[in-house]
Amino acid sequence: MSERQPTDLEISEVVLPGIGRRYTLPAADGARVVVVVHHSGRRDLYAFPPGASGDEPPASISLTDDQARRLGAVLGGAYFKPAVVADVETVIGSLLIDWVTLRTDSPGTDRSIAELEIRRRTRMTVVAVLRDDETILAPEPNERLRAGDRLVIVGRQEDLGAFLRHVVGSGDG
Amino acid sequence: MGDELVALGGAFLAAGIVARLGNRIGLPTIPLFMVAGIVFGPHTPGVAFVEDPRELALLASLGLVLLLFYLGLEFTLEDLIGGGRRLVAAGGIYLLLNVGGGLAFSFAVGWGTREALVMAGVVGISSSAIVTKLLVELRRLANPETRLILGIVVVEDLFVALYLAILQPVLSGTQGVAATLTSFGKAFAFLIILGAIARWGSGVVGRLLSSDDDELLTVCFIGLAVLVAGVAEELGVSEAIGAFMIGVVLAESPSAERIKRLVLPLRDAFAAVFFFAFGLSIDVGDVASVAGPIGAAVVLSLILNVAAGLTAARLYRLGPQPAANVGFTILARGEFSLVLAAVAAGAGLDARLSPFVAGYVLVLAIAGPLLASRTTSIARRVPARLISPGGPP
């Protein structure tokens, strides 16, 4: 688990005995956000700027349970959703629906769904391709993907990492 | 009755006010509750709320029971197993250095074998309460070494349970091999029975206690905790271990989270009485007369904690700053040392033990947090070759 290069969506969880649990989330440009959820309901947020060595005292704030829930709702877009959202990830039970955008250097660009063996190798399904003004619903296996395509994918959450590596590739965005 | 209530109220208030004053300059509460007991006790001139510490004996032992009960509630083996072998190794090395070093030191002081066995624990075991609070207050929960520090504390908690189980039969001073073996046997049979209940029977115990009503749940779990502690004491196993084990049993029950929340204010209140009552029995003159051993023990603990911090840093490939954080955060001594002193006083050991523990805990409970908050400047003075042979990672 720790040997694998984490994708930009992975969260690591650590139990802090007597205190609660600690979650580390990657942020943009190599920064990290650490969230500590106390047994008491209190949350601590620690922000590590890009390149922080890990033992420098980072910026931190504490939130009560109510405040943390409200912040979570704001971050999740419950109050206002920006017009340009690259990835909209929705989880219904164990089912995950997500949008990803292919770049010119993505491994999946200029290859067909059949060539990529997406379903066999990542266990995710491409249910639609949004290309310019066109929407291709339930694309055929011989559909050739292009840079700038937005793929609507469905699958299990744990398979998302494999899909991102296989089709979208690493890098920002 | 009125004068007893005045004494009790005065004790609470004195402990609270002294701890508040100390809190302003970042000192932990546990030693300050004890200081309040010393200042407002019979051995110090001025106001004495309580002339005889025995007046508070029952409430103080309720504090001890709730302290250990809560520790048992918080204790889970999963935390230990989840941390892997390296964590157990780091905790083991810490205990080996500190309890082992403490034992050697205690024999060198030469107050007797039974006294030495108690002193080894006093000198060797950190205060979970102060360590946890320090990490939260110094905002170090996101640091890489924090998991390691808390893991070492969990290993220490497990050690405390076994150590208390062994200590009581030893302290009871039974003569002869057969009698000693019998009392060890009783202690371990008790541990195994309660351990088995924790493993397989906590559902049944949980259902017996469970109630949607907080009031009824509180009354029942307090009753169970105090009863089991009392039975343990009657069997010669010590109330501390009885309270700890019943906490472990209830930790597995469905009501565990609610019990933790409900017991916390009760524990805080009566543990303060326990620390205050311990302070009442302390004469500052006696502490001064054992200043030599106290000083030596403090220096020893400083050296051993720095050594343990450096060893853990090598094991986990951490830099000088995390190494200093490990060593100085777990340096704090507190509730366990005082629990051990109370157990020793109950067994009629050398009278110098209590003032020794009081002085030692006071120095380290103050020095520990002060050093832990200044590790950045301390770490700069640690030569890199002590951390890793090839320079810093």
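Two residues are taken to be in contact if their C-beta atoms, placed from the backbone, lie within 7 Å. The structure is a predicted model, in which local features need pLDDT of at least 70 and side-chain atom pairs count only at pLDDT 80 or more, whereas totals for chains, interfaces and linings use all residues. Residues are numbered from 1 along each chain as its sequence is written, and chains are lettered from A, and ligands numbered from 1, in the order in which they are written.

Under the contact criterion, Phe275(B) is in contact with Ile30(B), Phe33(B), Met34(B), Gly37(B) and Leu338(B), its neighbours within four places in sequence being left aside. A residue is buried if 20 or more other C-beta atoms lie within 10 Å of its own, exposed if 12 or fewer, and partly exposed in between. A nonpolar core is a set of buried Ala, Val, Leu, Ile, Met, Phe, Trp, Tyr and Cys residues joined through C-beta atoms within 7 Å. The largest such core has 137 residues, of which Phe33(B), Phe69(B), Ala243(B), Phe275(B) and Phe276(B) touch the most other members. Helices (H or I, at least four residues) and strands (E, at least two) are DSSP runs, numbered from the N terminus. H8(B) gives the most to this core, with 13 residues. A second, separate core of 15 residues includes Val100(A), Ile118(A), Met124(A) and Val126(A).

Between the chains, 19 residues of chain B are in contact with 16 residues of chain A. On the chain B side, helices H4 (77-82), H7 (128-137), H8 (146-171) and H15 (320-329) each supply at least two residues, and H8(B) gives the most, with five residues. This side of chain B has seven nonpolar, eight polar and four charged residues, where Ala, Val, Leu, Ile, Met, Phe, Trp, Tyr, Cys and Pro count as nonpolar, Asp, Glu, Lys and Arg as charged, and the others, Gly among them, as polar.

Within chain B, the axes of helix H5 (residues 84-109) and H8(B) come within 8 Å and cross at roughly 65°; axes are lines fitted to C-alpha atoms, for helices over the stretch in contact, and angles run from 0 to 180 degrees between N-to-C directions. Residues of H5(B), including Leu87(B), Gly91(B) and Leu95(B), meet residues of H8(B), among them Gly151(B), Val155(B) and Phe159(B). The residues of this contact divide into nine nonpolar, three polar and one charged. Elsewhere in chain B, Pro369(B) lies in helix H17 (residues 353-372) and counts as buried, with 24 C-beta neighbours inside 10 Å. The C-alpha atoms of Pro369(B) and Ile130(B) are separated by 8.4 Å, although these residues are 239 residues apart along the chain.

In chain A, the buried residues of helix H4 (residues 160-168) are Leu160(A), Phe163(A), Leu164(A), Val167(A) and Val168(A). Seen down the axis of H4(A), these residues fall within an arc of 100°, so they line one face of the helix; the arc is that of the directions from the helix axis to the C-beta atoms. Their cover includes strand E7 (95-101), helix H2 (113-116), helix H3 (118-122) and strand E10 (150-156) of chain A. H4(A) is followed by Gly169(A), whose phi is positive, near 85°. Gly108(A), in the loop between E7 and H2 of chain A, is buried, with 24 other C-beta atoms within 10 Å. Beyond its neighbours within four places in sequence, Gly108(A) is in contact with Leu102(A), Leu116(A), Leu145(A), Val167(A) and Val168(A).
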